[in-house]
Amino acid sequence: DGAYLARLLLERGYEVHGTSRDAEVRGFGNLVRLEIADRVHKTSMAINDFRSVLQVISRVNPDEIYSLAGQSSVGLSFEQPVETLESISLGTLNLLEALRFLGRPIRLYSAGSSECFGDTGTGRAAEGTPFRPRSPYAVAKATAHWLVANYREAYGLHASTGILFNHESPLRSRRFVTRKIVAAACAIAGGSTERLELGNVQIHRDWGWAPEYVEAMWLMLQQPRADDYVIATGQAHSLAQFAAAAFAHFGLDWQQFTDISPALFRPADIAFSCGDAGKAGQVLGWRARF
């Protein structure tokens, strides 16, 4: 998301500053792939260190901040719950406190997550749907969501949360199951004898196209009033359907090359997840096209 967002902002004439824990050693591979690495100012900042956050914001003095930082894997959050909670919830709190302390008219976008809703049954979740997080990652995102809402109401900050449902692109890491499936399909179609290992393939997700979703992030900060928005396609598909489509591209049957591994099942998982982006359509003029 950060790379696509940086490209979008550059196209709109922004001066873009990107942060990383150690910007001097980070490769920024996705910026390189999009051919914008030399156009983004890179700065070291530790999101869970308030002094680091305050110093960088004071020096750069941005008009807009897009907070996409934090541990981003739901599966990994079960193994690293403390790191997940600190990097997401404490990181968001540090940004909000820095903005409150500085008192500058800086607008903040905070990356929320559809994981906060938990299982949506067979329906679609909207902004008013209660949160029922089912992973340490979702708990952290829910905490960050309410922190943003609290600081917006208590201190008048222009801070918005985008509650984004799943969105994919070729920049996805192979740690994520969608990219893992696509990579395996390509390799097997090319003659590899490897087999694809998957967990629960009956889960349903609302998958969108990442370059479209960063447009929604930008639109949120162009509004006169800060608010929270669900960003989704409104359609859900099973992981089995995703795998079938990827292998069908090469004329292959995914089931012939896939093993279901109980070890890949999560301690708690979401069976069905789908979003209602009606508010984003009405207020932002945003709708999923793909």
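Helix α8, spanning residues 210–220, is mostly covered, with ten of its eleven residues buried. The structure is a predicted model. Its protein chain contains ten helices and twelve strands, and 49% of the 290 residues count as buried.

**Helix α8**
- The buried set in α8 begins with Ala210, Pro211, Glu212, Tyr213 and Val214, and continues with Ala216, Met217, Trp218, Leu219 and Met220.

**Isoleucine 47**
- Isoleucine 47 sits in the loop that connects β2 (41–44) with α3 (50–60).
- Because its relative accessibility is 11%, below the 20% limit for burial, isoleucine 47 counts as buried.
- Beyond its neighbours within four places in sequence, isoleucine 47 makes contact with Val53, Ala69, Ser87, Leu90, Gly91, Asn94 and Leu95.
- Phenylalanine 28 is 19 residues away from isoleucine 47 in sequence, and their C-alpha atoms lie 17 Å apart in space.

**Overall dimensions and contacts**
- The radius of gyration of the protein chain is 19 Å, which agrees with the value near 19 Å for a compact globule of 290 residues.
- The C-alpha trace spans about 60 × 40 × 35 Å along its principal axes.
- Among contacts with a separation of 6 or more, 80% join residues 24 or more positions apart.

**Surface and charge**
- The protein chain has an accessible surface of about 14000 Å², and carbon and sulfur atoms contribute 50% of this area.
- There are 29 positive and 30 negative side chains in the protein chain, and the centres of these two sets are 2 Å apart.

Notes
Residues are numbered from 1 along each chain as its sequence is written. This is a predicted model: local features need pLDDT of at least 70, side-chain atom pairs count only at pLDDT 80 or more; totals for chains, interfaces and linings use all residues. Side-chain values use heavy atoms; hydrogens and water are left out. Helices (H or I, at least four residues) and strands (E, at least two) are DSSP runs, numbered from the N terminus. The radius of gyration is taken over C-alpha atoms; the globule rule is 2.2 Å times the number of residues to the power 0.38. Buried means under 20% relative accessible area, exposed over 50%, partly exposed in between (1.4 Å probe, protein chains only). Contact means heavy atoms within 4.5 Å. Accessible areas come from the Shrake-Rupley method with a 1.4 Å probe; for residues, only the protein chains shown count as cover. Lys and Arg count as positive and Asp and Glu as negative; His and the chain ends are not counted. The place of a charge is taken as NZ of Lys, CZ of Arg, CG of Asp or CD of Glu.
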